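I opened the model to look up its fold and its strand pairing. My notes follow.

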Amino acid sequence: MGAKGRKKSITKKLKKGASEFSASSVSKDKAPDFLPLEGGPARKLPDTEVRESKSTILYIGRIPHGFYENEMEGFFKQFGTIKRLRLARNKKTGKSKHFGFIEFESPEVAKVVADTMHNYLLFEHLLQVRLIPPEHVHPKLWKGVNRWYKPLDWVKIERKRQDKERTLEEHNKLVGEILKCDKKRRKRIEAAGIDYECPEMVGAIQAAPKKIRFTD
């Protein structure tokens with residue numbers, strides 16, 4: 001082989017190497033994302049756009065005792081304007097259930113609050129702050145949010161229940177339950193070896209109380 005032949009073979013090898021290098025660089029840029037388990041050619045996932053969060057409502061859990069509506073509003077308004085705020089309370093006692101919800105005007109502010117206040121130590125409690133997507137917000141979440149809770153006067157309710165007018169059958173049933181409990185108490189005292197004479201129940205010897213409603 002002469003010099004011209006060697007020169008042609010070298011140029012062919014150089015062209016072939018350049019083409020392979022360019023093909024390999026293109027294939028690296030367009031590398032597949034996964035290989036299907038059922039076999040076949042490699043596939044690439046479609047490009048997905050990163051959507052900005054439009055959530056403005058935050059869930060706040062592990063709220064400490066004493067950190068109520070006024071305290072929450074005064075603390076979280078440093079981040080931005082608060083539209084609505086709700087602290088979950090017990091319907092009977094009015095005590096806090098230690099979780100609540102806050103709605104901000106701006107979704108950017110809500111995201112900043114969720115990022116900065118999650119696992120924030122407050123009065124020995126680690127706050128749990130999370131964004132709630134708009135599709136997961138309950139329609140009755142803000143029902144009665146502007147109405148402050150007024151605890152019930154259970155003493156007054158119980159007094160009214162005890163002082164209500166009773167029929168003769170209801171009175172006899174009440175006295176029977178009282179005598180049954182008194183009998184059990186006497187047996188426990190005797191079983192303990194205590195020599196004690198229990199006084200008689202006043203309601204057992206009375207014919208009927210004044211507040212009796214006789215049915216026709």
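**Contacts and overall make-up**

I began with contacts, meaning heavy atoms within 4.5 Å. Of the contacts in the protein chain with a separation of 6 or more, 61% link residues 24 or more positions apart.

This is a predicted model, so I noted its limits: local features need pLDDT of at least 70, side-chain atom pairs count only at pLDDT 80 or more, and totals for chains, interfaces and linings use all residues. Residues are numbered from 1 along each chain as its sequence is written, and side-chain values use heavy atoms, with hydrogens and water left out.

Next I looked up secondary structure. I took helices (H or I, at least four residues) and strands (E, at least two) as DSSP runs, numbered from the N terminus. The protein chain has six helices and six strands. Along the sequence their pattern reads α-β-α-β-β-α-β-β-β-α-α-α.

Then I checked burial (under 20% relative accessible area, 1.4 Å probe, protein chains only). Of the 216 residues in the protein chain, 21% are buried.

**Pairing around β3**

I counted two strands as paired if DSSP finds at least two bridges between them. Which strands pair with β3? Strand β1 (residues 57-61) pairs with β3 (residues 96-104) in the antiparallel sense, over five bridges. Here isoleucine 60 stands opposite glycine 100.

Strand β2 (residues 82-89) also runs antiparallel to β3, joined by six bridges. Isoleucine 82 has phenylalanine 104 of β3 as its bridge partner.

I finished at the turn. β2 and β3 form a hairpin with six residues between them. Glycine 94 in that turn has a positive phi of about 80°.

How values were computed:
Buried means under 20% relative accessible area, exposed over 50%, partly exposed in between (1.4 Å probe, protein chains only).
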